[in-house]
Amino acid sequence: MTTTPARPLREDGPPTVRPAPSSGRPVPRGRAARRAIPLAPAVVLLLLFMLGPVLWSIWGSFTNASLSGRAASEPRFVGLDNYVALLSDPDFPNAVWLTVVFLIVSAVIGQNFLGLGLALLTATAPKIVRSIVATTVVTAWVLPEIVAAFACYAFFSSDGTLNTLTASVGLEPVEWLFAYPLASVILANIWRGTAFSMMIYEAALNDVAPEITEAAVIDGAGGWKRLIFVTIPMIRNSISTNLMLITLQTLSVFTLIFVMTSGGPNQRSSTLPLFAYAEAFGLGKIGYGTAIATVMLLIGAVFSFLYIRVLKPGDTA
Amino acid sequence: MSISVASPRRTVSRGVASAVLLAVAALFLLPLAWLVLASLDTGASASLAMPEQFSLANFTAVLTPGQTLWPLWNSFLLSAGCAVITVLAAVLAAYPLSRYQARYNKPFLYGVLFGTGLPITAMMVPVYSMFVRLGQLDSVPAVALFMAATSLPMAIWMTKNFMDSVPVSLEEAAWIDGASAMKALRTVVVPLMRPGLAVVFIFVFIQAWGNFFIPFILLLSSHKQPAAVTVFNFFGQYGSVAYGQLAAFSLLYSLPVIVLYVLVTKGIGGSFATAGAIKG
């Protein structure tokens with residue numbers, strides 16, 4: 001071994017010169033730090049207003065902070081008291097249950113399936129029909145949330161459009177927002193959010209190569225078989241991404257329910273955001289409300305984590 | 001189209017599909033149609049009905065400085081402030097993420113993506129008590145900064161993707177001419193990605209304009225509140241007696257975001273309609 005190669009060959013041994021396989025040359029520490037300077041404004045904002053509230057939430061949930069009185073200016077550390085109170089509060093499991101029902105029925109079933117159905121049907125429909133559907137469905141989604149909430153409130157209210165429609169076929173009027181508060185806000189959330197799923201699925205279906213579905217037709221696969229065995233597996237990634245996104249969005253729906261029923265009557269549409277709001281700002285129990293917020297942040301964090309696993313952004317980053 | 005054997009069955013199923021679609025569209029239209037018809041009807045109720053006489057009286061009634069114009073101006077200040085801060089911070093952050101391979105890139109982008117998933121609604125209680133402690137309650141700049149932070153994760157992702165599509169070779173020419181990285185960003189990269197930045201700006205603006213919960217909790221003085229909150233207060237005071245005016249006010253407040261949305265999808269954005277489509 002007298003003729004040692006000047007440089008280690010990449011194929012033979014570990015690349016001793018290259019610290020990171022992706023970068024060209026090793027970057028000196030000083031320059032790497034200087035290059036990161038433009039990140040500073042974003043990092044400061046995110047630390048202060050995103051990480052800050054999360055940490056504040058965890059800390060605040062161990063105090064007896066309140067909206068007014070002595071505990072407002074000098075909150076005291078109370079340990080796990082808020083969480084113990086939460087577990088013995090019958091309204092808490094009620095709020096969790098309503099949140100789960102609201103999530104599953106309005107987002108996972110309602111928005112997701114209606115969005116997929118509309119995307120599949122519009123793919124074959126005449127252009128004029130397609131644009132009518134797109135305009136109405138997307139307008140409901142583009143409207144500011146408070147306006148969408150009023151439109152839904154009016155629709156379901158006792159002298160609203162729904163009762164006018166049912167009266168025209170001879171049915172008695174129903175106080176929808178009092179008799180069926182959860183069903184009303186679920187329908188409202190489907191009305192408001194379906195456009196998002198529809199657009200995600202339209203984009204996904206556009207990417208399915210027509211040769212593949214044509215091949216399935218030639219093999220004798222009918223409409224339903226083609227949908228279940230060819231189309232759905234091909235847009236699998238869009239389905240999981242969409243499910244995660246609409247779940248996260250629906251988890252934080254507040255304004256729609258707040259305007260339509262404000263969580264009532266009798267807590268019957270009080271999902272976790274409404275419950276946290278009522279405890280913290282209605283009853284002034286900031287510490288207790290913060291404990292509920294911390295539980296919600298934890299649920300959001302779990303979904304967000306799953307969502308990142310599904311998306312795997314490392315492939316593009 | 002290429003399979004002509006099944007064509008009679010195809011036309012039938014296409015007809016059924018169209019009928020189903022139009023029925024769904026009609027259901028979706030009902031609440032929207034109420035909004036428009038009620039705004040033109042001085043005797044509007046909560047139910048969809050043809051006005052006996054079309055009139056713009058509801059609009060003239062609410063189009064007063066105190067009722068509509070001032071809150072809309074507040075909305076504009078808050079949303080534009082939030083969007084400017086967001087786009088500036090996102091462009092600066094996207095540059096090193098897009099141009100250099102650094103160890104912090106991946107964890108940073110993962111962290112940011114994780115942030116997009118956190119429910120902002122859940123943060124409102126802790127943010128309220130944090131703002132009380134910092135003495136920033138009722139401060140418009142602080143609220144704009146908070147809203148900017150909540151839209152930053154999505155904005156950084158979108159901006160980085162737009163920036164990745166600007167070829168590095170153009171910048172290298174500027175570097176050779178002696179320009180610093182920041183100068184190259186300002187004079188070469190930003191002008192080239194102007195349409196992309198417009199899309200990010202408009203999406204952040206639309207989100208901020210439509211946000212009700214954040215200003216509702218953090219802004220207390222009525223003269224600072226944006227239209228989202230004053231629409232709500234109007235509803236609390238006169239809602240059930242003046243549906244027509246409520247609808248007119250709501251439409252005036254919704255119009256800017258509808259125009260901006262059409263602008264993005266039809267004009268500059270094209271396929272980006274869903275790229276940043278996350279509601280707050």
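**Aromatic rings and backbone**

Modeller: Let us start with Phe49(A), which is buried at a relative accessible area of 6%. Buried stands for under 20% relative accessible area, exposed for over 50% and partly exposed for anything in between, using a 1.4 Å probe and protein chains only. This is a predicted model, where local features need pLDDT of at least 70 and side-chain atom pairs count only at pLDDT 80 or more, while totals for chains, interfaces and linings use all residues. Residues are numbered from 1 along each chain as its sequence is written, chains are lettered from A and ligands numbered from 1 in the order in which they are written, and side-chain values use heavy atoms, leaving out hydrogens and water.

Now to the rings themselves. A pair of aromatic rings is described by the distance of the centres and the angle of the planes. Rings of Phe, Tyr and Trp (its six-membered ring) pair if their centres lie within 6.5 Å; planes under 30 degrees apart are stacked, over 60 edge-to-face, and the rest tilted. Over all chains, that rule gives 34 aromatic pairs. In one of them, Phe49(A) and Phe131(B) have ring centres 6.1 Å apart and planes at 50 degrees, so this pair is tilted. The pair crosses between chains, with Phe49(A) in helix α2 (residues 40–60) of chain A and Phe131(B) in helix α5 of chain B. Helices here are DSSP runs (H or I, at least four residues), as strands are (E, at least two), numbered from the N terminus. Phe131(B) is buried too, at 1% relative accessibility. Another pair joins Phe155(A) and Phe156(A): the centres are 5.1 Å apart and the planes lie at 85 degrees, so it is edge-to-face. Both Phe155(A) and Phe156(A) are buried.

Ring pairs also build a cluster whose members include Phe254(A), Tyr277(A), Tyr128(B) and Phe232(B). Elsewhere, the charged end of Arg35(A) sits over the ring of Tyr100(B), 3.8 Å from its centre. For that label, NZ of Lys or CZ of Arg must be within 6 Å of the ring centre and within 35 degrees of the ring normal.

Finally, the backbone. Most residues other than glycine have a negative phi, and most peptide bonds are trans. Ser262(A), not a glycine, has a positive phi of about 45 degrees, and its place is the loop between α14 and α15 of chain A. Pro265(A) lies in the loop between α14 (255–260) and α15 (272–282), and a cis peptide bond joins Gly264(A) to Pro265(A), with omega about -10 degrees. In chain B, Asp138(B) has a positive phi near 75 degrees.
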